[in-house]
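Here are a few exercises to work through with the structure open in your viewer. Try each one before you read the solution.

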Amino acid sequence: MVFKRLMQAMGVGGPSVETVLTNPNCRPGGYLEGNVQVVGGEHATDIEYVAVGLLTRVEVESGDSEFQSDQEFHRQRLTGSFRLDPGARHDIPFRFDVPWETPITEVYGQHLHGMTMGLTTELEVARAVDKSDLDMVAVHPLPAQEKILEALLRLGFRFSRADVERGRVYGVQQELPFYQEIEFHPPSAYASGINQLELTFIPTPHTLQVVLELDKRGGLFTEGHDSFGSFNVDYHTVDHTDWAAELDNWLRQSASRRGLFF
């Protein structure tokens, strides 16, 4: 009997959990729907709760070192406590709200290199090992984000990679403890003055906040340096602006202020 209780405490013969998403594709500010299936094991089990949460990989700077950490940034409890009989099946349908600041992982049907996003399901079992499940999720850009990305592609910029960095962006409204950077290689027209362009989106329910950072080339007698810029995009009027022209104008003004010309 003691051995059996020890095995139960280690999770042996306990319940299993599996999440089935109706559609793994979503957008910031949207939602995911699905069903959590909990199946009883070899003995009756007291379930404390079932919860789902969004998980992404974050770059963390600590002193002179940098490392990656998986971070859950939004969680939703689906149940309270209940008792699960041996072999019994408990279905839990859910609708999970996706935060507005959720990083995007897909652009024009292509996965952004460097991005990881998943929906994790946690089954908290009383006096035993937790059970969990992880399902990959694809986060597609909002129409306003697509407009900015399309404008950069029209100017000739090419996707390099993306990552999520822990920290805050100065001068913008931000709720999550991290932000996404999407990196681009410059076209030949801008390559004389720019090494790299980094784009950050921080959406809100009413406005898309856009932050641009230029990594500028150093010359023979000068050091390279960065240039920042930010602007807001109104969701209702985004279609009324030539964003390629706007971005080109900002890039040229930013360069000319530092004695660089395209």
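**Exercise 1.** Is E146 buried, partly exposed or exposed, and which side chain does E146 meet in a salt bridge?

*Solution.* Keep in mind that this is a predicted model. Start with the accessibility: E146 has a relative accessible area of 30%. Buried would need under 20% and exposed over 50%, so E146 lands in the partly exposed class. Next, look for the partner: the side chain of E146 meets that of R27 in a salt bridge, at 3.9 Å from N to O. The cut-off is 4 Å, so this pair counts. Now place the two ends: R27 is in the loop between β2 (25-26) and β3 (31-39), while E146 belongs to helix α2 (residues 143-154). That puts them 119 residues apart, a link between distant parts of the chain. Finally, check R27 in the same way: with a relative accessible area of 36%, R27 is partly exposed too.

**Exercise 2.** Which elements does the salt bridge between R57 and D70 link?

*Solution.* First the contact itself: the R57 and D70 side chains meet at 2.9 Å, N to O.

**Exercise 3.** Take the salt bridge between D242 and R154: where does each residue sit, and how accessible is each one?

*Solution.* Begin with the distance, which is 3.8 Å from N to O. D242 lies in the loop between β17 (226-234) and α3 (243-256), and R154 is in helix α2, 88 residues apart. Now the accessibilities: D242 has 42% and is partly exposed. R154 has 55% and therefore counts as exposed, the cut-off being over 50%.

**Exercise 4.** Which strands does β4 pair with, and over how many bridges?

*Solution.* Take the partners one by one.

- β5: the pairing is antiparallel and has twelve bridges. L55 stands opposite E72 in β5.
- β10 (residues 117-125): nine bridges, again antiparallel. Here A51 faces E122 as its opposite residue.
- β6 (residues 82-84): three bridges, with the strands running antiparallel. D46 stands opposite R83 in β6.

Then have a look at the turn. The hairpin of β4 and β5 has two residues between the strands, and G63 takes a positive phi near 65° there.

**Exercise 5.** What is the strand order in the open sheet of three strands, and which strands are at its edges?

*Solution.* The order reads β1-β3-β7, with antiparallel pairing. β1 (16-21) and β7 (89-97) each pair on one side only, which makes them the edge strands. Ignoring direction, neighbouring strands in this sheet are turned by 20° against each other on average. Now zoom in on one pairing: β3 and β7 are joined by nine bridges in the antiparallel sense, and G34 has F94 in β7 as its bridge partner.

Conventions
Residues are numbered from 1 along each chain as its sequence is written. This is a predicted model: local features need pLDDT of at least 70, side-chain atom pairs count only at pLDDT 80 or more; totals for chains, interfaces and linings use all residues. Side-chain values use heavy atoms; hydrogens and water are left out. Helices (H or I, at least four residues) and strands (E, at least two) are DSSP runs, numbered from the N terminus. Buried means under 20% relative accessible area, exposed over 50%, partly exposed in between (1.4 Å probe, protein chains only). Two strands pair if DSSP finds at least two bridges between them. Axes are lines fitted to C-alpha atoms, for helices over the stretch in contact, and angles run from 0 to 180 degrees between N-to-C directions.
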